[in-house]
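Keep the sequence and the coordinates side by side.

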Amino acid sequence: LALYVLPLGFAESSCRSRIFWMKLNKLLLQGKFFQLEIYDPYSGPVLLDEKLASRCGYVLSEDVWGNPVFRASVLGCHVANEADELFSLTVNIKVSSFSSMRAAVTYTYPMYCSYASWASREIVCEENYMEVSVKTDVPAVSNDYTVAWMSALPETQNVAYQQWQLMFVSPSGRKRITVSDAVKLGYSFNNTLSRVYLRAPYHSNESDVSVVSGVTMNMITSTSMYRQRWLLLLIDTTASCPVDGISFTDTTLTWTVPRVIPTLVVQESTFLSKSIVMGVGDQVIVNPAEMNFLLEYNETHIRITIPIGAEGGKLESSISGGVYGVIYCIDLFLEHTWTDAGWQTTKYTVIKSITTPFMPQIPTVINNTMPEERLFNVAFGHFLPDVSLVAITVGNMPFSLREAQHHSFKIYETPFSNGTKAFILEVSFDDPYVLKEYVNRNETKYTLLVNYTLSVGLEMTLYHHSAEVECVLADIEVPEAVGSCDEENLYLTLPTFGLHHYWDLYLGNKLLNRHLALTNGYLAATNSTHLILQIPLFAGGLIYQEVSFQKIKARFDVALRKVRTMETLQMFSISCSFNTSAFIICHPDGTIMVSAQMKTVPAIDMSKTKLRDSSCKPREYNEAHAFFKFHVTTCGTSVRFEGDHIIYENEISYEKETLPGQSIPTITRDPDYRLTILCYYQAKETLVLGAFSSEPATSPPFGSGTMVPHSSISSSSAYRRVRQALNVVSRVSKDESFMEFYGPSMAILKQPMEPVFLEVELKDKSPKVELYLENCWVARSPDFNYTPRWNITVDGQVVLNVQLTH
């Protein structure tokens with residue numbers, strides 16, 4: 001067997017009370033496999049396994065940090081014992097790179113323990129066995145008792161052990177067996193120079209379970225019997241150890257051990273605690289309060305309370321069901337020394353490795369965003385040191401940490417005083433993977449969507465957590481428009497930044513795009529910063545606020561609306577007054593206003609001009625101009641259809657005057673004059689009618705007009721159709737699309753000034769039949785004479801706020 005020198009720091013050992021305590025360094029075992037052999041100088045190495053461990057007083061486990069730990073009772077198998085005071089045990093540590101342990105390197109590690117202060121009775125409750133040893137003056141099993149005898153042939157051992165018998169008392173009755181039979185059942189019994197000990201596994205067939213002060217105890221009730229000639233010695237080797245007594249809250253763990261165990265105390269009235277000592281690992285805690293530990297006891301209990309995460313234990317991260325959480329582990333021991341009349345001094349030692357249940361810890365996302373720097377700063381925590389960030393996804397783009405740093409994301413860790421840490425992510429508002437949304441009037445909502453990928457715990461389990469952080473910033477300047485006019489046009493100038501990205505311009509309910517501009521006769525020019533819109537005086541979409549003799553006050557309105565919601569943020573208006581000598585304005589409500597210039601030689605008397613209906617005279621006039629205002633249903637106005645247009649026609653005329661004289665009046669003083677007035681309307685267009693009939697000019701003009709002068713004109717004038725009952729159907733649309741209508745019995749609720757969309761349809765298909773909405777009203781009955789009624793139009797003038805199609 002080749003032996004090697006143990007690497008520095010590979011193993012360390014101590015002697016805690018009556019237990020060998022050895023710890024191996026896990027860092028020097030990374031990627032390796034190891035085994036322990038108990039080395040007996042007489043019989044050679046014995047491989048340590050679970051069965052041998054519980055029978056021989058050994059424990060192989062890990063401390064909370066993952067370092068392998070080996071513990072052995074000084075009364076264990078293969079331990080060299082010198083006068084029950086000096087003890088030694090040699091362990092072979094075999095290390096290999098292969099699980100089969102081939103090519104293993106073997107290190108020999110001797111341990112020594114000195115322990116002379118034995119109590120009359122000592123009980124050890126280890127993780128995998130119970131051990132009771134009792135001081136006695138019983139003579140040795142053999143007069144030539146030596147260490148060599150401990151390793152003698154089984155036959156010799158059987159002969160010697162036959163002088164001892166064990167009596168077990170359990171609920172199933174009494175059982176008396178020889179020591180050799182007890183060994184077969186997993187027990188270990190022997191005596192030293194001054195002590196007898198029994199070691200038993202937990203939950204054997206001969207054990208019993210009882211509850212003492214709320215704590216479940218596993219108990220072996222046994223008597224060791226020794227007969228030699230005329231001597232009969234009975235030794236109580238009963239042991240009782242707690243198997244639970246652990247409770248948890250969100251912040252603490254509590255370990256409870258009975259203070260008085262009836263099966264171990266014969267005369268309870270004489271019971272007296274001498275000392276209660278607690279420890280962590282193999283170290284006694286002299287002042288538990290300094291570590292925030294609470295050691296307390298009363299007549300029935302000894303209770304140790306440990307804060308979760310306290311020093312001496314270990315918090316480790318874990319994932320359970322996709323949820324992040326922590327587990328806390330700590331290795332504790334308790335030594336309780338008492339006296340009573342039956343046993344003098346008893347030393348009771350319990351070693352307990354405690355692990356809390358999985359405790360979910362939902363990570364928190366702390367928004368430390370700095371709007372003034374346009375920078376997201378997001379802290380993601382709190383995590384233990386065994387958690388590392390391995391990747392992030394921003395928006396829908398995954399990044400490794402290296403890629404994230406290269407992309408200009410800033411990622412770093414920040415520690416906290418309690419030993420945890422958080423991961424800090426900094427991302428610019430202007431990063432392309434940050435979502436940007438225009439909200440409210442002048443604000444942008446920046447949204448950072450991030451998904452973290454973490455490596456958790458020793459198993460390096462991947463854990464994903466998503467977070468969403470928003471910041472609304474007033475960083476958009478709503479544009480302001482500037483208006484101006486010249487002799488024939490209105491001009492609107494406004495910045496182009498944000499147009500068609502955040503906002504659109506609307507003329508009424510129509511998007512003011514290039515097509516609409518061309519259709520209405522607008523001219524649009526743009527440079528790098530501004531849009532300039534030129535609107536001629538008689539272009540579509542103008543609102544004529546005042547129309548009088550030789551003067552027009554016109555206004556142009558456009559609305560600045562949000563692109564998605566259509567919410568109006570701003571109205572831009574230009575209002576100018578124009579001096580013009582001749583014009584015709586055709587309003588959608590059927591009102592026609594004409595300023596006509598009569599250039600004749602010699603000049604005519606403008607006060608004597610008229611429309612087809614001679615009662616329709618000019619409202620204003622001077623030497624060269626006359627101003628008329630009338631409705632298409634009056635003054636002899638005629639109507640005809642051409643294609644998709646309705647054309648209303650009238651004329652301004654001046655008739656000759658004859659001089660009285662001879663029998664035949666042939667002398668004329670004035671010229672004969674005719675001026676034709678035409679107004680064109682889209683036959684299927686929706687007419688937007690104003691709310692007040694007293695100011696029809698406040699509605700945007702809809703039709704287009706023209707004046708055609710004639711030197712002579714047919715004397716035949718248009719006639720008014722005789723009133724008759726027609727097949728007319730009306731219905732109310734739910735919106736301006738006229739696609740979906742209210743049923744005949746449905747209630748229609750409208751707010752004040754909210755438009756009603758009314759459709760009137762003439763079912764008579766005769767080409768000679770035309771529809772004029774002269775008087776239109778709403779009533780609760782189809783009876784023409786029913787009252788009350790609510791007028792929509794009276795004499796062709798609108799009196800309600802409706803949008804009308806016919």
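Two strands pair if DSSP finds at least two bridges between them. Strands are DSSP runs of E, at least two residues long, numbered from the N terminus. By that rule β31 and β32 pair: 4 bridges join them, and they run antiparallel. Within this pair, V365 stands opposite F380 in β32.

This is a predicted model, in which local features need pLDDT of at least 70 and side-chain atom pairs count only at pLDDT 80 or more, while totals for chains, interfaces and linings use all residues. Residues are numbered from 1 along each chain as its sequence is written, and side-chain values use heavy atoms, with hydrogens and water left out.

Now widen the view. The β31 and β32 strands belong to an open sheet of 4 strands. Its order is β31-β32-β36-β35, with antiparallel pairing. β31 and β35 (410-415) stand at the edges with a single partner strand each, so one side of each has no neighbour in the sheet. From one strand to the next, the twist averages 25° (axes are lines fitted to C-alpha atoms, and angles run from 0 to 180 degrees between N-to-C directions).

The side chains of R374 and D430 meet in one, at 2.8 Å from N to O. R374 lies in the loop between β31 (364-367) and β32 (375-383), and D430 in the loop between β36 (421-428) and β37 (435-439), so the pair ties together parts that are 56 residues apart in sequence. How open are the two ends? Buried means under 20% relative accessible area, exposed over 50%, and partly exposed in between (1.4 Å probe, protein chains only). R374, at 25%, is partly exposed. D430 is partly exposed too, at 48%.

The structure holds 24 salt bridges. Among them is the one between E122 and R18, whose closest N and O atoms are 3.0 Å apart. It links distant parts of the chain: E122 sits in strand β11 (residues 121-125), R18 in the loop between β2 (11-16) and β3 (19-24), 104 residues apart. E122 is buried at 1% relative accessibility. R18 is buried at 3%. Both residues join E131 and R199 in a network of salt bridges.

E206 and K175 form another salt bridge, 2.7 Å from N to O. E206 is buried, at 5%, whereas K175 is partly exposed, at 35%.

Next, the nonpolar cores. Each is a set of buried Ala, Val, Leu, Ile, Met, Phe, Trp, Tyr and Cys residues joined through side-chain atoms within 4.5 Å. The largest has 84 residues, of which I306, Y348 and I392 touch the most other members. Strand β28 (residues 323-340) gives the most to this core, with 7 residues. A second, separate core of 38 residues includes Y438, L516, V547 and F572.

Finish at β58 and β59. These strands run antiparallel, joined by 6 bridges. S733 has F757 in β59 as its bridge partner. Of the 7 residues of β59 (residues 756-762), 5 are buried, so this strand is largely enclosed by the rest of the structure. P755 is found in the loop between β58 and β59. At 25% relative accessibility, P755 is partly exposed.

Terms used:
Salt bridge = Lys/Arg side-chain N within 4 Å of Asp/Glu carboxyl O.
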